[in-house]
Structures are given as C-alpha cells and as structure tokens.
Amino acid sequence: MAGSEPTPDEIEDGVDTLYTNTISTLNGQTTTGTVAAANSDNLNNAIIDEQLGKYQKAVTDAQADVDEIAGLNDAVESLATAQAGFETSLEAQADTAATLAGAVTSFNTANSSVTATAYSFSAPTGNSGTYTAGGIDLTDLQEDDKLVQDGSSNAIITVNASGDIIVADAYADSSRAQQLLDAVKADVAAIQAVAQAESTLEGAVADIMVLEGDAEIDGSGITAGDILDQTGGSKLTSDGKLYVKDGVVYARDNAAASNEVDDMYAITDLTVSNAAGTDVAVKWDSTDGADGSFKSAATTTLDVSGLDFSTNLIVANGISISSASYANADALATALEGTSAIESASADGTSISITYADATGTAFDVTDGATTPNVAAVVSGDITVGTENGFEEVTANNLLAFDADDFDASGYLALGDEANNYLDGSFATDATESAALNTAENNLEDYEEAITEYRDAKALADQLEGLNTDITEAREAIENSEEDGGLGVNLREGDDNFTTQDDVYLYNEEGGNQSLSGFEPYRDSRRLQTLRGWSHE
C-alpha cells in the first residue's frame, strides 16, 4: 500500500543501527580486541576467532573437572536444558498475557456496560514464583474460580465441576466472550508451564547439589529448632539429637521429667537447603503418636495369690485406684492400668505383670484389709539412658544420607535474573564444578549467537552498500557525458523541473502529482510533429 513502506533513507538508517548494535553486543563479550566496522574483515574475524577459542577452551577445561564426578555431566546438561525451558516458558507467558489484556479490552469495548477484570499474574522473581492470584491457585483450578469477573464480582470466565475453563452462563451470549475465553485458557496453560519449568529448574539444581556434595549430613549438628512436626509448624521438645533404631531415624521427645519414659518419634521427612548440610530441617510424624520409648520403663510382677478379692482391696503408696472389691486379678489389673503411673498391667493367674510409665517405678502395697498378706511391688532391672531399647544416637560417624528429593534447592534460584541464567550467586559457591561448566557453556552459546547476529547484520549492510554502489554507477552511466561513456542525460526527480531537452524525469509515486515546467519535446519529437502537421507550440 502506498506510503506504508519505509523510504530508502529509513532502510539505510535501520540497517546501520542494527549493524552498530550487533557490533556493540559482540564487543561486550570480547576481550581479545575491538570489532569495528572500519576494520578489515580479516582483522575482525581474527579477533572473533581468538575470543571464540577462549570460550571453547573454558568449556573444555570445565568439562574435564565435571567428568571426574560420576553423573555430574548429565546433571549439568539437564540444568542447561531446564534454564532454556524456563526462559522459553516466560517468553510464551508474556505473549499470552498480552493477548489476554487485549481480549479484555476488546470485550469491554464490545460490551460497554461491563467492566471485565482478569486475574493478575506476575512473572516469578526471587527464589520462587507465586502462582496464586486473588485467592485462585492458577496451577490447580477449582470449581467456581472467577478468572475474569465484572464490576459486580460476577464471574465472566469461570471453572466448572470438571475443572474446565468456561464462559459463565450469564455471559454466554456476550460479544467477544469466546475470544476472552480462548485468551484465558492460553494464559492459564502458559502460567502452569512456567510453574512446571520452575520445578524442573529447581530439581536440576538439587541433582547437582547432591552430586557435588557428599549427600550426607552430620546429624549431630541438628539443633532442637530444626525438628518440626510434619506440617513444618510446632517444634518437638527435644534435645536436638537424632537417634537410629533398625535403620529408622527418630527424634526424642524429652518434655517429660527426667525419670519418665521419653517417647521417640520417627522422622518422616528430611529437608536439606544447602550443599554443606548445615541448613537442615527434619519433620516428625505428629499424627501417629510415639513410635517407641527411649528409656526402659520400670517393670515388676505382683503376686496376688493370697488376696481375698471379695473384700475391698486397698492400694497404697501413690497408686490411685478406688478401694473396692474386684472380681479377680484381671479386674484388678484393668484398674491398675487405668492409672497415670502404670503404663500397662496384665494378669496371669495369680500374678499381675506391671510396666510403669516412668523409668523408676513406685513401690506400692495391695492388701485385702488383713495384716497379711502384704504384697509389695518391687522395681526390677537397671535403667540406662542412651542405647536402651536399641536406640543409638546419631553422631558424626553415623551420617544421614539424603537424595535430591530431600534437597530444597529454591535458595539457589534467582528467577528474575536472566543475565545470570536464573541462578543465585551462592550456586557458584556450593557447586563450583557445575557452575563453572554451566557458565562456560552459556558464555559460549551467547557468543556464538552474537557472532551469528553480527555476521547477518554485516551481510545485510554489505548488500545495501552494494546496491547503493550499483545505483551510483547506473546514475553515472546515464548522466555522464558521451565522451565519458555515458548517455549525457540529466535525471530529474522530486521538485526538479525540466530545463533542457536532455532531461529525464524519475517518477516517484510517493511524490504525488508533479507540475513540470521548461518541458520541450526532443528534436525527433518535433520532426514527427511537423510530419503530422502539428506543433507543440
């Protein structure tokens, strides 16, 4: 269409700017010299090749270090793939967000009485993204979520019981509703892709941390504050130590008095946040109760063969049960077990086996009211703390192994830092070999891309220069005198008017109508006019 195409001057300026910018980008990554348009091609290529060789050597050297650790090379490659995938997902979501914004505007324009507002999502920054907007988890949509709503908070685009994104019934006939629906679907899918890409990136970092570290931590360095319940909330009252029994790791609840039995809780989750293993959280299962006892409880056997169960039995010395008649030993055992001091009691004929609730036990008497028999409970067994009941304290020589699933690598992410490939500076500190290779590979990739862009721009600039040369030579061939090998014709364009019979006007449609003056037909034209009987005058 006339007027829509750039002018020759605009094209030339655009190519010059592109060429200049690609040179600047290339020089920003070059330390071996300065690439310049004024340089010869040989000089520029020599500078580029030398710098390219340095980047390639950096990759080779870093690769050799990584190859010394089994599996690390694959992990670094996975990290590079994850970084590229995260970048691609961000770019795609930026496009869908722009489309959604346009769809909202279009909908509001077509439905003048409605002001539609969509959810607000921001690209992730820091070490983790936020995928909840207005109380809606965009990665896990629920029925009746209002993704787009009107000024009265009524849903325009919502979610049905099957989890599908739909147009709300009230707006089913609204103009541009389908366009808005399509835009929301695309953007939500793109946001979910970003969340998945972030998870993949974090997992790739975790794999590297496990490989570069020893994948073991010294459990003796865990403090009481590191031990949380399974929801990550309340702290277990503990000595900050971990214990092992039959391959299972336990934390000790030592809230009880020193002479009481301490409950042991199995650890259900181990979370490590840095490669040094100094930032650790262990979670215990707070729902199933204690999984064992750290101390041995006191035990005894009570001989009740001489008691008259038809009378009111009397129990003394701190064991509080009702003075009453009990049908038999089983009934007495049940009553004893119901007290706080006794954990369990079971009858076997004329004896009752008792396990106390603490590690000391309390001697007590049971009598039928007569002076005899007086049956005394006696504490038996030595009480030892530490390895009793098979629990062994985790020490520096008894390390806890962890894998990538236990590693929270989010602290190593910088999701808004594209320049540093979405990694925090601490990554290079804790994963030196991987970071060196990852950086070297990314530097090489960036430089190769800069070379390609520079050479494409140079080729375009050279092509334009060649065209300009052709135009100059063609004009000279027309305008030069016949003695100089030209046609001796004057080219006129723009506002120039004819002055002699040797002028030729170059028509430019963008110039519009042109008024010409000083126009006189060439002599051959005048001769033709005479033959035909007419004149230009």
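Let us start with strand β11, which covers residues 263-272. Of its 10 residues, 7 are buried, so the strand is largely enclosed by the rest of the structure. As you look at it, keep in mind that this is a predicted model.

Which strands pair with β11? Strand β10, residues 248-253, is one of them: β10 and β11 pair in the antiparallel sense over 4 bridges. You can find this pairing on the model by looking for Arg-252, which stands opposite Met-264 in β11. Another partner is strand β12, residues 280-284, joined to β11 in the antiparallel sense by 5 bridges. Here Thr-271 is the residue to look for, standing opposite Ala-281 in β12. Strand β13, made of residues 292-293, also runs antiparallel to β11, and 2 bridges join them. Met-264 turns up again in this pairing, where it stands opposite Gly-292 in β13.

Now step back to the whole chain. Its secondary structure comes to 8 helices and 23 strands. Of the 537 residues, 36% count as buried. Among the contacts in the chain with a separation of 6 or more, 56% are between residues 24 or more positions apart.

Next, find an open sheet of 4 strands, with the order β1-β4-β5-β6 and antiparallel pairing. Why is one side of β1 and of β6 left without a neighbour in the sheet? These strands, β1 (117-118) and β6 (165-167), stand at the edges and have a single partner strand each, so one side of each has no neighbour there. The partner of β1 is strand β4, residues 146-149, and the two pair in the antiparallel sense over 2 bridges. Within this pairing, Ala-118 has Val-148 in β4 as its bridge partner. A helix joins the picture here: α4, residues 177-212, packs on the sheet and touches β4, β5 (155-159) and β6. The direction of α4 makes about 165° with that of β6.

Between β6 and α4 there is a loop, and Ser-174 has its place in it. Is Ser-174 buried or exposed? Its relative accessible area is 19%, and buried means under 20%, so Ser-174 counts as buried. Leaving aside neighbours within four places in sequence, Ser-174 is in contact with Phe-107 and Asn-111. Ser-174 and Phe-107 are 67 residues apart along the chain, yet their C-alpha atoms are separated by 8.5 Å.

There is also an open sheet of 3 strands, in the order β14-β17-β16, again with antiparallel pairing. Its edge strands are β14 (299-303) and β16 (342-348), each of which pairs on one side only. On average, neighbouring strands of this sheet are turned by 20° against each other, direction ignored. Strand β17, residues 351-356, pairs with β16 in the antiparallel sense over 6 bridges. Asp-348 has Ser-351 in β17 as its bridge partner. Across β14, β16 and β17 lies helix α5, residues 329-337, running at about 175° to β16.

Let us finish with how helices pack against each other. Two packed helices are described by the angle between their axes and the distance between the axes. The residues that make the contact include Val-15, Leu-18 and Tyr-19 of α1, and Tyr-447, Ala-450 and Ile-451 of α7. By class, this contact has 13 nonpolar, 3 polar and 3 charged residues.

Helix α7 also packs with helix α3, residues 72-110, at an angle of about 50° and with the axes 10 Å apart. What does that make α3 relative to α7? It makes α3 oblique to α7. The crossing of α3 and α7 is right-handed. Among the residues that meet here are Leu-72, Asn-73 and Val-76 in α3, and Glu-433, Ser-434 and Leu-437 in α7. The residues of this contact divide into 5 nonpolar, 5 polar and 2 charged.

Key:
Residues numbered from 1 in each chain as written. Predicted model: local features only at pLDDT ≥ 70, side-chain atom pairs only at ≥ 80, totals over all residues. Heavy atoms only, no water. Contact = heavy atoms within 4.5 Å. Nonpolar A, V, L, I, M, F, W, Y, C, P; charged D, E, K, R; others polar. Buried < 20%, exposed > 50% of the residue type's maximum accessible area, 1.4 Å probe, protein only. Pairing = 2+ DSSP bridges. Axes fitted to C-alpha atoms, helices over the stretch in contact; angles between N-to-C directions. Parallel < 35°, antiparallel > 145°, perpendicular 65-115°, else oblique. Left-handed = near helix turned anticlockwise from the far one by under 90°.
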